[in-house]
Amino acid sequence: MAVSGCVRPCFIVFNFLFWLMGLFLVGFIAWTMATNPTLVSGFLSGSRYFTYSILGAGILIVLAGLFGCIGGLKEGTCLLKTFIAFTVIIFLIEIAGAVTAYMMREQLQVYRDSGWADFNTETKNFLQRELKCCGFNSATEYGSNVAQYPDSCFSDPSTKTGASQHNAACWAKINEWLDTNMPIWAGTLGAVALVQIISLILAIVIVSRVKNSRKVSTTPSYKGQAWDARHNGGRHAGHRGGSRRY
């Protein structure tokens, strides 16, 4: 084992968490597509930007975590270098995405609408029930008949009346939740970035140690060879001198 201590176990643990995060993203998209038939046709038509983004990020994270875990277990420099490349690419995409979202924050209506349209019924009902909202932009998205609105649009689903209906738009409520819980989600994103950075540093350390270990194991011991040569040479000379005495 070329790498001893806690470096390799910590690296494997961080990558396993990284891999689980990617697996969750891919699983969420797969579950959403399986329960939202309209999403499949939209996915093939090239209009589901939210789904493409989440699925692409999830696949990259799953591959990076897989390469990292196997590379850490086997101490394979090729796999670890692949992990480093994937992690750098993901990190650059995240930075570019954050910068682009900030610069184009006034033009993200299409992306926001795509995200809401990609959600299945269960996800929409969950958000409407928890955030006390109805519809993404307004409740009229469900029609003009209040009785046909989903149960999640009412505080008391047994009496579907205007008095118990949630009138707020879900997009406004989502914005409000993001502003109110900014320390939570910002801390979560920061923790994810920290895991990526630590994993990247540990991978570089492991690759460096493995390379150094291989260099040491393949370098011949010239001092030992020189000592053996002198020792053997003196012994042969003694033999020759002894033979001359005879």
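This is a predicted model: local features need pLDDT of at least 70, side-chain atom pairs count only at pLDDT 80 or more; totals for chains, interfaces and linings use all residues.
**Exercise 1. Salt bridges**

*Solution.* Start with the rule: a salt bridge is a side-chain nitrogen of Lys or Arg within 4 Å of a carboxyl oxygen of Asp or Glu. Residues are numbered from 1 along each chain as its sequence is written, and side-chain values use heavy atoms, with hydrogens and water left out.

Step 1. Lysine 160 pairs with aspartate 151, and their closest N and O atoms are 2.9 Å apart.

Step 2. Lysine 173 pairs with glutamate 176, at 3.9 Å from N to O.

Step 3. Side chains of opposite charge can pair when their charged atoms come close.

**Exercise 2. Where the salt-bridge residues sit**

Find the helix that holds lysine 173 and glutamate 176.

*Solution.* Two rules are needed. Helices (H or I, at least four residues) and strands (E, at least two) are DSSP runs, numbered from the N terminus. Buried means under 20% relative accessible area, exposed over 50%, partly exposed in between (1.4 Å probe, protein chains only).

Step 1. Lysine 173 and glutamate 176 both lie in helix α7. They are 3 residues apart, about one turn of the helix.

Step 2. An α-helix has 3.6 residues a turn, so residues three or four places apart point the same way.

Step 3. Read off the relative accessible areas:
- Lysine 173 has 23%, so it is partly exposed.
- Glutamate 176 has 45%, so it is partly exposed.
- Lysine 160 has 27%, so it is partly exposed.
- Aspartate 151 has 44%, so it is partly exposed.

**Exercise 3. Disulfides**

How many disulfides does the structure hold?

*Solution.* A disulfide is a pair of cysteine sulfur atoms within 2.5 Å. The structure holds 2 disulfides.

Step 1. Cysteine 133 bonds to cysteine 170, with sulfur atoms 2.1 Å apart. The torsion about their S-S bond is about 90°, so this disulfide is right-handed. The pair links distant parts of the chain, 37 residues apart: cysteine 133 is in the loop between α6 (121-131) and α7 (170-180), and cysteine 170 is in helix α7. Both cysteine 133 and cysteine 170 are buried.

Step 2. Cysteine 134 bonds to cysteine 153, with sulfur atoms 2.2 Å apart. The link of cysteine 134 and cysteine 153 is right-handed, with 85° about the S-S bond. Cysteine 134 and cysteine 153 each lie in the loop between α6 and α7, so the pair ties together parts that are 19 residues apart in sequence.

Step 3. Check burial. Cysteine 134 has 0% relative accessibility, so it counts as buried. Cysteine 153 is buried too, with a relative accessible area of 0%.

Step 4. Count the bonded cysteines along the chain: the pattern is 1-4, 2-3.

**Exercise 4. Serine 164**

Is serine 164 buried or exposed? Which residues does serine 164 touch?

*Solution.* Step 1. Serine 164 lies in the loop between α6 and α7.

Step 1. Its relative accessible area is 8%, so serine 164 is buried.

Step 2. Contact means heavy atoms within 4.5 Å. Leaving out residues up to four places away in sequence, serine 164 touches Cys153, Phe154, Ser155, Asp156 and Thr159.

Step 3. The C-alpha atoms of serine 164 and cysteine 153 are separated by 8.4 Å. Along the chain, serine 164 and cysteine 153 are 11 residues apart.

**Exercise 5. After helix α6**

Which residue follows α6, and what is its phi?

*Solution.* Step 1. Lysine 132 follows α6, and its phi is positive, near 55°.

Step 1. Most residues other than glycine have a negative phi.

Step 2. Look back into α6. Its buried residues are Thr123, Asn125, Leu127, Gln128 and Leu131.

**Exercise 6. Confidence**

Where in the protein chain is confidence lowest, and where highest?

*Solution.* pLDDT is the predictor's confidence in each residue, from 0 to 100.

Step 1. The protein chain has a mean pLDDT of 77, and 74% of its residues reach 70 or more.

Step 2. Confidence is lowest in helix α9 (residues 222-245), at a mean of 49. Confidence is highest in α6, at 89.

Step 3. Over residues 242-246, pLDDT stays under 50. The model has 0 contacts beyond four places in sequence for residues 242-246.
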